[in-house]
Each structure stands twice: as structure tokens, then as C-alpha cells.
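Subject: Structure handover

Hello,

Please find the structure below, with the sequence. My notes follow it.

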Amino acid sequence: MLKMLIADDEPVIIRGLQMLIDWAQLGIEICATCENGADALREIFAQSPDLALLDISMLGKTGIEILKALHTAQSRTKVIFISGFQDFSYAHDALSYGAVDYLLKPVKKDDLLRAVEKCLPVQPEHSAPAPASDTGSYSDAFSRVAEMEPASYILTAVQPLGLTARNAMERQLIEFSIFGQLDTLCRQTGQGTAFQKKGQCYLLLVNMTQAQATGWLHDAQALLEQRTKCKVGFVCSPATAEMSAVPTFTAPCRDACRWFYFADRLPDTVLAMDAPPFGEAPADTAALHPLQEAVAAGFVETDREIFNRAVENLLAAVPPITDGRADAAVYHLLVCRRMVQARLERSGVQCAGGSNDLLDAARETADYPALEALFKKSLEELYGQMAGQVKKNEHKDIQKVTDYIAAHYRENLTLEVLAKHIHMNPFYFSSYFKKQLGQNFKDYLNRVRMEHALELLLNSDKRSYEIAEEVGFKDYRYFNEVFSRYYGKTPAAYRKSFKEQNNG
């Protein structure tokens with residue numbers, strides 16, 4: 001960890017600076033605090049901290065006097081000044097003697113983070129901070145482990161989990177802290193080194209079996225969480241004795257990091273590059289369809305426990321079945337939400353809220369717990385809309401009508417059949433239906449049939465004419481015409497486009 005000293009003649013300022021930032025998470029230890037300049041200079045010479053936060057005007061010695069003394073002694077301690085005075089001469093003297101920055105009280109968190117970032121080793125533009133020796137090349141990593149006389153290598157990708165940084169700068173500092181801790185641990189234990197390549201942190205572990213590497217990485221996880229309060233995940237390559245094989249593991253390790261979107265659902269966060277984390281190959285995504293149907297059906301159940309259990313079953317099934325793909329998880333959960341909404345709208349509940357906004361929000365989620373929360377919230381919003389509208393709806397018969405259509409849409413339904421089902425005059429039923437549902441019976445029935453047709457088209461290998469018959473169309477040409485009107489393409493063209501998008 002980096003060491004830092006804080007000096008100010010006001011104890012309340014010292015306490016404020018200590019609390020302003022979670023220094024441990026950034027890999028910085030506050031090694032001393034001083035309330036006068038003389039003590040500060042003595043502690044700097046005694047402890048050689050990496051950086052010092054100094055009040056520019058203190059008793060004993062001023063901040064400028066301390067900086068001059070450090071400059072004369074060629075000290076490596078980097079100094080950030082804090083001052084209650086916006087005085088150009090102070091700032092000029094501070095910067096001329098090598099101060100990193102000059103901050104005005106009260107110190108703002110973002111300003112202090114920017115100043116601390118300047119004290120870190122130089123890093124490439126637009127990348128996370130990295131040690132100056134890190135060039136991102138395998139040759140450098142191999143040279144650093146040469147003295148360890150490696151007989152085998154294991155490449156390991158490193159992924160921070162659940163970072164709570166408020167901005168990109170704080171995230172960079174936390175990632176730098178993780179990188180530094182891991183590199184130090186590798187070198188201290190003589191087990192390898194850390195390096196970065198294209199923004200991804202890797203460990204090159206040496207002289208370990210796969211089992212030994214897994215144990216070592218679990219210990220590293222515990223140590224990192226203790227020191228920085230950060231969790232990390234690891235993806236390991238197979239052990240190899242061939243140095244030339246190591247770079248070939250880069251892309252597979254990096255790709256397997258996709259699983260960490262689902263970190264809270266993983267049985268372990270030390271993964272093998274070539275082994276599914278749930279122990280078996282992903283099933284066909286069609287296996288999610290009955291789980292989605294169960295959620296949609298359970299939504300209108302009076303027993304909320306049945307519904308909640310159906311939701312949890314779906315959420316648990318998504319990560320392994322979607323092969324750890326965040327975009328696929330978003331798609332299948334939103335399909336389920338659309339099925340619930342469609343069921344409500346068939347019952348006469350007008351649902352507010354745009355699906356595009358929900359899709360945008362889902363794509364922005366940082367991890368699966370955030371996506372789960374968004375999904376559940378959207379369902380709760382639908383439930384609230386349903387509850388509010390059902391209370392106002394005095395016409396209970398329409399529920400019987402929509403339920404009957406949902407159960408018998410494959411049959412030859414007519415206005416007369418439905419009117420008889422609820423004991424209503426057929427001549428009045430047509431206007432009653434349109435008043436309650438906002439559309440005429442024929443359009444409503446076609447929409448129900450189209451929704452089922454689309455599900456069969458995307459989740460089965462049935463031919464279009466078979467689907468037409470299954471959803472209640474006797475005339476295949478008319479089915480094609482209605483489908484094209486609803487979805488803008490013929491069934492065959494729609495299926496082809498869907499497969500191309502998913503395979504692309």
C-alpha cells in the first residue's frame with residue numbers, strides 16, 4: 001500500500017480529510033497525522049511516505065519550508081498543499097518547488113482525488129493507472145518472472161466486482177490499488193507477476209497446478225477484501241509449460257470474464273477458462289419459455305408467494321441458460337415482462353411506461369442484481385397499474401371474455417359464442433367489447449393469435465402453415481397477411497432476420 005501523511009494545525013481538518021475518502025480502498029495507508037510543521041517534517045524523514053497532504057501555513061515550519069527541505073534532501077515524497085488563502089505567491093512558491101497540487105479549503109472530494117491521481121505512477125492516456133514498469137507486453141511479464149525459474153505458467157484475468165466508485169477517476173484509483181496489491185502479493189510469494197493489456201489486468205502465475213492456483217487466488221481474494229474492501233473475480237487458463245502458449249489464453253480468459261456480470265449467482269468467483277461455472281453446458285434458451293409463462297400466469301394469482309417463486313425460478317435459470325451473456329439475460333427478462341403486460345392488456349388493463357426506456361435502463365445495469373431489481377420493479381409497477389384499474393372496473397364480465405379467448409383462441413370464435421358465454425345479447429356485445437377493450441373483437445382476436453404465432457415462430461421449428469393452423473387460422477394466405485401487418489414481415493422473413501441477429 002502507499003503511505004500518506006496529513007498535517008494541519010486544525011485537528012478538525014485532519015479528521016475531515018481522513019473521512020473524506022475511503023483511503024484503504026484506494027490502497028493508501030495514513031501512516032501519520034501532525035498538527036505542526038516541525039513534527040510533519042520529522043515524520044516525513046522518519047517514515048518516507050509516498051505522499052503528504054500539508055497545510056501551507058503551520059506553526060513550527062510552514063508548508064513551503066517543508067517542501068524546500070524535501071527538495072534539498074531529494075525526497076521522493078510528493079506533496080499536495082491545502083490552504084485557506086487564495087494567494088498567488090503561495091501557489092507560485094508551492095508549484096515552483098515541486099508541489100503536485102494546491103487545493104483551497106474546504107477541500108472538495110473530486111479535487112482531492114484528482115490531486116492524488118497525479119501522485120500515482122504515470123499511466124497511458126484513457127487507461128487505468130498502472131506502474132511505470134507495466135508496458136502491457138508479455139515479454140516484460142516473462143522477464144519479471146524469469147528469476148523464479150518457472151516450469152509452468154497459468155494466465156489469470158482479474159475482474160473487480162461490484163465497484164461503488166462515484167466517478168471514473170475514483171474507479172481508476174481503486175483499480176490501481178487492486179493492481180498494486182496483486183502485483184506485490186505475486187512478487188512477495190514468488191508466484192508470478194501482474195501486468196495490464198488493453199485495459200485488462202492479468203496475473204502470470206508460475207510453478208503451480210490448477211488446484212494450487214485456485215487456492216492461492218481464494219487467499220488473494222480474502223486479502224484484497226480485507227485491505228481494500230473490494231471483491232475481485234479471477235479466470236484461470238490451464239497450466240502450461242510452453243511460454244508461447246500463454247498469449248493464446250488472453251482472449252478466452254477475457255471473454256470468460258462475462259460471467260462476472262452474474263457474480264452473485266456464481267457458485268465460485270475463481271473460474272476456469274474452459275469450464276462452465278455451473279458445471280454443465282448451457283441448455284437451449286427455449287427452456288426459459290415455460291418459466292416465463294409461469295411468471296405471466298402467476299402474476300394474476302391472488303397468492304403472491306406462487307408468483308414470487310415463479311420469478312425466482314426464472315431469475316435463477318437465466319445465467320446458466322444464457323451462457324453468461326448479459327445482453328441475452330436482458331432480452332429474456334424483458335420478453336417475460338412483455339408477456340405479463342400482454343396478458344394484462346388482453347384483460348383490459350391499460351399499461352403505461354415505454355418498453356424502450358426499460359430496455360435502455362436494462363442495458364445500462366452494471367450487474368445482474370441491478371437487472372433483477374429493475375425487472376422486479378417493472379413487474380411491481382404493472383401490478384400497481386392492474387390493481388388500480390381492476391378496482392375501478394365495474395364490468396367483471398370482460399375478464400371472463402378475455403380468459404375465454406385466451407383459452408379458446410385456436411377455435412372458431414365468434415361474437416355469438418362469446419356473448420353466450422357471459423349471457424349477453426349478441427347485438428349489444430359488439431359495442432360492449434369495443435368500449436371495454438378499445439378495439440373490436442376481430443382485431444383483438446387476431447392480436448392474441450399473432451402473439452402466440454410469434455412465440456411459436458421463435459421458439460419452435462414448426463413451419464408457418466402449421467403455426468397458422470395451431471393458432472386458429474384456416475386460411476394460410478390470410479395468416480401471412482395479418483402477420484405481415486402486425487410485424488412488418490412475413491413469418492419466414494421474420495424468423496430468418498431473428499436468427500441472423502442472434503447468431504451475429
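The model is a predicted one.

Arg-447 sits in helix H18, which spans residues 441–459. Its relative accessible area is 18%, so Arg-447 counts as buried, the cut-off being under 20%. Beyond its neighbours within four places in sequence, Arg-447 is in contact with Glu-345, Arg-346, Gln-439 and Tyr-486.

Next, the helix pair. The axes of H18 and helix H20 (residues 476–487) come within 10 Å of each other and cross at roughly 90 degrees. H18 and H20 are therefore roughly perpendicular, since angles of 65 to 115 degrees fall in that class. On the H18 side the contact is made by Lys-442, Asp-443, Asn-446, Arg-447, Met-450, Glu-451, Ala-453, Leu-454 and Leu-457. H20 contributes Tyr-478, Phe-479, Val-482, Phe-483, Arg-485, Tyr-486 and Tyr-487. By class, the residues of this contact between H18 and H20 are 10 nonpolar, one polar and five charged.

Then the pocket. The second largest pocket has a volume of about 460 Å³. Its lining consists of 19 residues, and those nearest the centre are Pro-160, Leu-161, Gly-162, Leu-163 and Asp-367. At least two lining residues come from each of strand S6 (153–161), helix H8 (210–228) and strand S9 (231–236). S6 gives the most, with three residues. The lining of the second largest pocket divides into 10 nonpolar, four polar and five charged residues.

Regards

Definitions and conventions: Residues are numbered from 1 along each chain as its sequence is written. This is a predicted model: local features need pLDDT of at least 70, side-chain atom pairs count only at pLDDT 80 or more; totals for chains, interfaces and linings use all residues. Side-chain values use heavy atoms; hydrogens and water are left out. On a 1 Å grid over the protein atoms alone, a cavity is a set of points where a 1.4 Å probe fits but cannot get out, and a pocket is an open set with protein on both sides within 12 Å along at least five of seven lines; lining residues have an atom within 4 Å of a point. Grid points are joined across faces, edges and corners, and a volume is the space filled by probe spheres set on the points. Helices (H or I, at least four residues) and strands (E, at least two) are DSSP runs, numbered from the N terminus. Ala, Val, Leu, Ile, Met, Phe, Trp, Tyr, Cys and Pro count as nonpolar, Asp, Glu, Lys and Arg as charged, and the others, Gly among them, as polar. Buried means under 20% relative accessible area, exposed over 50%, partly exposed in between (1.4 Å probe, protein chains only). Contact means heavy atoms within 4.5 Å. Axes are lines fitted to C-alpha atoms, for helices over the stretch in contact, and angles run from 0 to 180 degrees between N-to-C directions. Angles under 35 degrees count as roughly parallel, over 145 as roughly antiparallel, 65 to 115 as roughly perpendicular and the rest as oblique.
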